Amino acid sequence: MKSGYYAGIDIGTNGARLIIKDAFYNENRELEAVEVNKVRVPLRLGADVYSIGELSERKIRQLSLCISSFRDLMNIYDVVSYSCLATSAMREAKNGAEVIERIRKETGVQISIIDGETEAKTISKIAKDFKLDDDKYVFIDVGGGSTEVTLVSKGKAIESTSFELGTLRILAHKDKKETWGRYEDLLDSYHDKYGNLDIVGTGGNINRYWKMSKKKSNKKDLNYLSVEELNDIYNELSKYTPSQRMAKYDMKPDRADVIIPAGNIFKKASEILKSKTIYVPMIGLSDSIVDTLIENYINVL
């Protein structure tokens with residue numbers, strides 16, 4: 001593997017993220033990948049997709065400018081390689097393929113749309129980096145357009161499922177009762193088969209719940225949030241409007257509205273799984289994208 005900088009870009013429903021990591025072999029010949037830069041832009045592509053079914057010219061221009069900026073930053077770091085993946089919003093946009101081709105021509109950056117199952121599996125790859133025991137855990141990644149659920153045992157994904165239950169989708173009333181039913185049925189099946197299960201939660205919203213918690217203790221060297229405290233924070237936030245949350249808790253506009261539906265998704269899971277703890281590693285899809293890229297370079301070069 002060539003030492004140097006590697007980048008991962010996640011074009012999500014609520015925001016686009018770039019993460020750059022420095023990959024190198026340490027003095028013990030062990031591979032390390034250290035984050036050197038991370039950028040997030042709240043594009044909210046889902047706002048268009050869930051209202052008009054496609055990306056508007058305004059959103060396309062914003063996306064193109066965003067990707068151009070990411071490209072320039074990657075050029076500054078002289079990245080060895082990058083991977084750019086798009087998820088739920090781009091999957092569902094009627095003009096998704098056209099937009100990707102236009103972005104490629106305008107920026108030179110190639111975007112790949114991944115399906116929900118691939119997204120879930122990509123996220124679950126971060127399990128190997130956790131200092132969890134050999135018990136089973138349920139990984140839940142809540143995004144703007146979809147929620148990915150992965151059953152993990154001994155650091156390896158057993159199965160992954162994607163549900164069209166995302167925060168922006170819920171706010172736009174585009175979530176379906178039958179989808180909620182399938183989500184609950186899957187979690188029920190896990191509980192019936194394996195008993196009570198704790199959760200590993202990823203995504204910006206569960207990160208914010210953890211930051212708002214009073215007990216920022218570590219458990220097994222990982223950030224964690226008790227389900228009891230999650231419920232307390234959720235109930236407190238539910239008292240206020242998004243604008244009031246912005247003022248009272250210093251939340252950004254694109255966090256103040258989605259944090260409630262995200263909390264509901266985690267709450268429902270914890271109730272069904274009888275979870276006591278949600279581990280919050282503070283990493284997500286963009287981390288998994290770049291880590292997978294680095295792994296692939298190890299295997300190929």
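Biologist: How many bridges join strand S7 to strand S8?

Modeller: Happy to start there, and please keep in mind that this is a predicted model. S7 covers residues 147-153 and S8 covers residues 156-163, and the two run antiparallel. The number of bridges joining the two strands is seven.

Biologist: Which residue in the turn of the S7 and S8 hairpin has a positive phi?

Modeller: S7 and S8 form a hairpin with two residues between them. The turn residue with a positive phi, of about 55°, is Lys154.

Biologist: Thanks! Now to the open sheet of five strands: which are its edge strands?

Modeller: Pairing in this sheet is mixed, and the strand order is S3-S2-S1-S4-S5. An edge strand here pairs on one side only.

Biologist: In what sense do strand S1 and strand S4 pair, parallel or antiparallel?

Modeller: S1 spans residues 4-11 and S4 spans residues 81-86, with six bridges between them. Ile11 stands opposite Ala86 in S4. The sense of the S1 and S4 pairing is parallel.

Biologist: Let's move to the largest pocket. Which helix gives the largest share of its lining?

Modeller: The pocket has a volume of about 770 Å³, and 37 residues line it. Closest to its centre are Arg17, Arg40, Gly203, Gly204 and Arg255. Several elements supply at least two lining residues each, among them strand S3 (31-41), strand S6 (136-142) and helix H13 (285-300). The largest share, five residues, comes from H8.

Biologist: How many charged residues does the lining of the largest pocket have?

Modeller: Sorted by class, the lining has six nonpolar and 17 polar residues. The number of charged residues is 14.

Biologist: Is Asn207 buried or exposed?

Modeller: Asn207 sits in helix H8. Leaving aside neighbours within four places in sequence, Asn207 is in contact with Val280 and Met282. Its relative accessible area is 13%, and the cut-off for burial is under 20%. Asn207 is therefore buried.

Biologist: Why do the buried residues of H9 line one face of the helix?

Modeller: The buried residues of helix H9 (residues 227-237) are Val227, Glu229, Leu230, Ile233, Tyr234 and Leu237. An α-helix has 3.6 residues a turn, so residues three or four places apart point the same way. Seen down the axis of H9, the buried residues line one face because they fall within an arc of 160°.

Biologist: What separates the C-alpha atoms of Ile233 and Ser213?

Modeller: Ile233 lies in helix H9 and counts as buried, at 9% relative accessibility. Along the chain, Ile233 and Ser213 are 20 residues apart. Their C-alpha atoms are separated by 7.5 Å.

Biologist: One last item: which residue just after H1 takes a positive phi?

Modeller: In helix H1 (residues 45-52), the buried residues include Leu45, Val49 and Tyr50. The buried residues of H1 pack against S1, helix H2 (57-77), helix H3 (88-92) and helix H6 (167-171). Just after H1, the residue with a positive phi, of about 85°, is Gly53.

Key
Residues numbered from 1 in each chain as written. Predicted model: local features only at pLDDT ≥ 70, side-chain atom pairs only at ≥ 80, totals over all residues. Heavy atoms only, no water. 1 Å grid on protein atoms, 1.4 Å probe; cavity = no way out; pocket = protein on both sides within 12 Å on 5 of 7 lines; lining within 4 Å. Points joined across faces, edges and corners; volume = space filled by probe spheres on them. Helix = DSSP H or I, 4+ residues; strand = E, 2+ residues; numbered from the N terminus. Nonpolar A, V, L, I, M, F, W, Y, C, P; charged D, E, K, R; others polar. Buried < 20%, exposed > 50% of the residue type's maximum accessible area, 1.4 Å probe, protein only. Arc of directions from axis to C-beta. Pairing = 2+ DSSP bridges. Contact = heavy atoms within 4.5 Å.
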